[in-house]
Amino acid sequence: MLKTVFLDLDDTILDFTRAEAAALRRALTEADVPADDGVLARYHAINAAQWELLEEGVLTREQVLLGRFDILFGELGLVRSAGEICERYEEYLGEGHWFIPGAEALLETLAPRYDLYLASNGTAWVQHRRLESAGIGRYFRGIFISRELGADKPSPVFFERCFAAIPGFSRECAVMVGDSLTSDIRGGRDAGLRTCWFNPRGKPARADIVPDYEFSALERLPALLETL
């Protein structure tokens, strides 16, 4: 019987893509860097690629946080301080939130039925500010953020430290739910968990990372979990 549900935060519960665009546009504009849709789209692609390298153990978190801006500015032919702009960006990122459609209702439905735990790779102080802004901390029995655990998803170390903090934890009674194949699904699978891939945009599957279940809208998750 399912007891424990690990939920990713960004682009699973909170709309990170929208928050990223708003914070980035503001930070770039203040630094006199073009912030049109094309530049934002290019940053998003660079950022995603850099985080995948982190997940694969190729880059450190610090290299990702600064490198994404260094790459962007290099492509734009600009000289700017990646550190200063990263600091502004994260400050603005933590100022507000938007929910993925159905997220609030999902948490209301799941919290009485399961032990919910948040499992996030984001920067700790940014994530805590966003959680406070969204007012959803009360739904979770525990909040696990990679920076505070000293390991990033999909590292088995991240998940083992989560498991160790949960009294009476059983892999057989747990599931990982998230939107990222490389982080949530690969990490959960490698840690011995069943996995549910949230794929609202119909991203292509990967032969090397196969989730146990896939769903496209949050309102479908409660019925899916009841079958586990």
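Modeller: Contact here means heavy atoms within 4.5 Å, and the structure we are reading in these terms is a predicted model.

Biologist: What do the buried residues of α5 pack against?

Modeller: By that cut-off, the buried residues of α5 pack against β1 (4-7), β2 (115-120) and α10 (221-226); the residues concerned, in a helix that covers 103-110, are Ala103, Leu106, Leu107 and Leu110.

Biologist: Why are the buried residues of α5 said to line one face of the helix?

Modeller: Viewed down the axis of α5, these residues fall within an arc of 95°, so they line one face. As a general point, an α-helix has 3.6 residues a turn, so residues three or four places apart point the same way.

Biologist: Why is glutamine 127 called buried?

Modeller: Buried means a relative accessible area under 20%, and because the value for glutamine 127 is 2%, this residue counts as buried. Glutamine 127 belongs to helix α6 (residues 124-134), and, leaving aside neighbours within four places in sequence, it is in contact with Leu9, Asp10, Ser120, Gly122 and Ile145.

Biologist: Which residues of α4 does α1 meet, and how does their contact divide by residue type?

Modeller: Residues of α1, including Phe16, Ala19 and Leu24, meet Ile85, Arg88, Tyr89, Tyr92 and Leu93 in α4, and the residues of this contact divide into ten nonpolar, no polar and four charged.

Conventions:
Residues numbered from 1 in each chain as written. Predicted model: local features only at pLDDT ≥ 70, side-chain atom pairs only at ≥ 80, totals over all residues. Heavy atoms only, no water. Buried < 20%, exposed > 50% of the residue type's maximum accessible area, 1.4 Å probe, protein only. Helix = DSSP H or I, 4+ residues; strand = E, 2+ residues; numbered from the N terminus. Arc of directions from axis to C-beta. Nonpolar A, V, L, I, M, F, W, Y, C, P; charged D, E, K, R; others polar.
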